[in-house]
Amino acid sequence: MRRYLVLLLVVLGTAGATAAACALSAWWWCLAGPLLALTGAGCRDLLQCREPVLRGRPLAGRPRGGRAVVLQERAAGVDVYAVGHEFLVPSLHPVEPPEEPPVVRVGGPDCRQPYDMALLNVSGMSFGALSSRAVLALNRGAEQGRFAQDTGEGGLSDHHLRGGGDLVWEIGTGYFGCRTDDGGFDAREFADKAALPEVRCVSLKLSQGAAPGGGGMLPSVKVSAAVARERGVPVGETVVSPPRHRVFSTPRELVLFLARMRELAGGKPVGFKLCVGSRREFLAVCRAMVAEGVTPDFVVVDGAEGGTGAPPAESAGRLGMPLTEGLITVHNALVGTGLRDRIRIGASGRVATGPDIVKRLVQGADYTNSARAMMRALGCVDAGRCHTGTCPAGVTTQDRLRARALDVDDRSRRVHRYQRATVRSAVRVMASMGVREPRGLTPAHLVRRTGPTTLRSYAELYEWLEPGVLLAGPPQSWAADWKAADPDGFARCGDGFSGR
Ligand SMILES: Cc1cc2nc3c(=O)[nH]c(=O)nc-3n(C[C@H](O)[C@H](O)[C@H](O)COP(=O)(O)O)c2cc1C
């Protein structure tokens with residue numbers, strides 16, 4: 001109720017001043033007039049649906065709305081002379097952009113129900129981390145724009161299914177949504193839900209950039225009765241997903257489990273999400289794929305710059321590879337093992353604009369996912385309160401009154417328009433680079449300022465492997481990691497980082 005306090009006080013003041021003006025003296029109109037205008041403005045805030053913060057905090061939210069705009073304008077400036085600045089390479093012979101933006105077919109040889117993925121999709125964010133209205137608005141936006149929404153690891157809720165949008169159902173270490181009583185993986189429940197037509201792909205989350213190796217966490221204030229029901233956990237108790245999976249303990253077991261998931265899901269595309277740490281460990285997974293002749297259909301690489309709905313971790317940004325290196329590592333490892341044609345790569349980590357998408361495609365991705373930019377389309381004002389359950393925009397709260405700030409119809413249209421405009425921008429940027437299809441992009445299309453007078457393209461900055469070279473005879477720079485990569489034990493891959 002505190003959020004409506006300012007409006008309430010203004011209404012009471014207006015009533016008092018108006019009564020005094022009628023009963024005592026006409027001078028009271030000097031106060032009643034402005035208060036009446038304020039009451040009108042407050043009612044307009046309450047009833048409009050364009051600004052969620054104002055809807056949730058009539059009158060009181062006005063100063064915050066102003067601040068958000070200023071921040072956005074400041075962020076637009078780019079220092080093109082700063083070391084580390086990167087730019088895409090335009091062509092003197094641009095091409096016409098295609099009428100329809102390209103999509104990416106996800107589905108390797110063992111997949112029986114391939115899926116055409118958009119260039120930009122909604123990254124994993126659970127019901128629990130997000131409000132039911134936010135989940136539904138994302139889902140409806142996805143339906144309108146024909147792109148996919150990753151459910152996040154909190155299970156497949158009604159809100160994910162009500163909007164008719166395509167879903168990537170994510171399973172984390174807590175197996176929420178397909179969880180046995182003792183916290184294991186329930187194959188039958190998984191198969192039943194994976195059969196739903198809305199579920200287009202299934203994804204096993206190994207780790208995420210905000211807290212790799214740490215498991216997921218949902219603070220107790222956000223574990224409402226509805227969230228608890230979805231996850232099969234007690235109401236009001238913090239939910240901590242274990243840091244690692246029970247269903248596999250070696251790279252080979254991981255690969256075989258992915259194949260089992262695909263079978264249980266009726267041949268729908270299966271993949272996994274990770275924030276890369278050691279190159280050896282990822283190579284061990286590739287070795288297991290080669291040895292078993294089994295591949296997932298996609299891998300999503302999350303950068304260490306990734307976000308989370310949990311409290312800010314002290315490790316944020318300090319554990320795991322940033323997206324650039326993670327992406328290039330995964331792309332190279334799959335190319336080098338001759339598996340790249342069968343496996344699509346998704347990328348997440350501060351993808352928000354058309355040029356961001358193109359940059360990630362140059363670095364080896366086939367498509368991208370976005371979490372925080374989608375939250376902004378939902379009305380997020382970066383209040384930094386996701387973990388407290390008091391989000392003023394109704395995006396990350398489980399409080400029904402606060403969630404009311406988010407108008408589902410309006411916000412789903414905004415999510416749709418944001419995705420469409422961003423993908424169109426990516427397509428236009430590619431066209432100005434002389435490229436009509438993502439596969440026309442090469443590492444020479446992205447350049448970094450490495451010093452006050454030096455520029456280097458990604459073709460020069462990073463090593464790019466030839467198809468199958470790791471199997472045929474790895475270059476010296478990869479030989480030690482390739483040798484140490486053991487498909488039968490993550491621990492046996494050796495400790496620590498060894499990649500370039
Ligand atoms: C509120 C919130 C909740 C998230 N929940 C999940 C989750 O359940 N599963 C997951 O794999 N990633 C989760 N993430 C991470 C995002 O999916 C994404 O990988 C990361 O934030 C990087 O993308 P971004 O920079 O576009 O936000 C969450 C992120 C946010 C901001």
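Contact here means heavy atoms within 4.5 Å. The structure is a predicted model, in which local features need pLDDT of at least 70 and side-chain atom pairs count only at pLDDT 80 or more, while totals for chains, interfaces and linings use all residues. Residues are numbered from 1 along each chain as its sequence is written, and side-chain values use heavy atoms, with hydrogens and water left out.

- His159 is found in helix H6 (residues 158-161), helices (H or I, at least four residues) and strands (E, at least two) being DSSP runs numbered from the N terminus.
- With a relative accessible area of 15%, His159 is buried, a term that stands for under 20% relative accessible area, whereas exposed stands for over 50% and partly exposed for the range in between (1.4 Å probe, protein chains only).
- Not counting residues up to four places away in sequence, His159 touches Phe127, Ser132, Val135, Leu136 and Asn139.
- Ser370, which lies in strand S13 (residues 367-370), counts as buried at 3% relative accessibility.
- Leaving aside neighbours within four places in sequence, Ser370 is in contact with Leu120, Asn121, Val122, Ser123 and Val351.
- Between Ser370 and Ser241 there are 129 residues of separation in sequence and 22 Å in space, C-alpha to C-alpha.

- Strand S6 (residues 166-171) is largely enclosed by the rest of the structure, because 6 of its 6 residues are buried.
- From S6, Asp166, Val168 and Glu170 point one way and Leu167, Trp169 and Ile171 the other way, and all are buried.
- S6 pairs in the parallel sense with strand S5 (residues 148-150) over 3 bridges, where pairing requires that DSSP finds at least two bridges between the two strands; in S6, Leu167 is the bridge partner of Gln149.
- S6 also pairs in the parallel sense with strand S7 (residues 199-205), over 5 bridges, and in S7 the bridge partner of Val168 is Cys201.
- A right-handed β-α-β unit is made by S6, helix H7 (residues 187-194) and S7; right-handed applies if, with the strands pointing away from the viewer, the path from the first strand over the helix to the second runs clockwise.

**Salt bridges**

- The structure holds 21 salt bridges, each being a side-chain nitrogen of Lys or Arg within 4 Å of a carboxyl oxygen of Asp or Glu.
- Arg448 forms one of them with Glu86, the closest N and O atoms being 2.8 Å apart; Arg448 lies in strand S14 (residues 446-451) and Glu86 in strand S1 (residues 86-88), so the pair ties together parts that are 362 residues apart in sequence.
- Glu153 and Lys205 meet through their side chains in a salt bridge (2.5 Å, N to O); Glu153 lies in the loop between S5 and H6 and Lys205 in strand S7, so parts 52 residues apart in sequence are tied together, and both residues are buried.
- Asp182 forms a salt bridge with Arg246, with the closest N and O atoms 3.8 Å apart, and both Asp182 and Arg246 are exposed.
- Salt bridges that share partners join Glu86, Lys359 and Arg448 into one network.

**Residue Leu12**

- Leu12 is found in helix H1 (residues 5-23) and counts as exposed at 56% relative accessibility.
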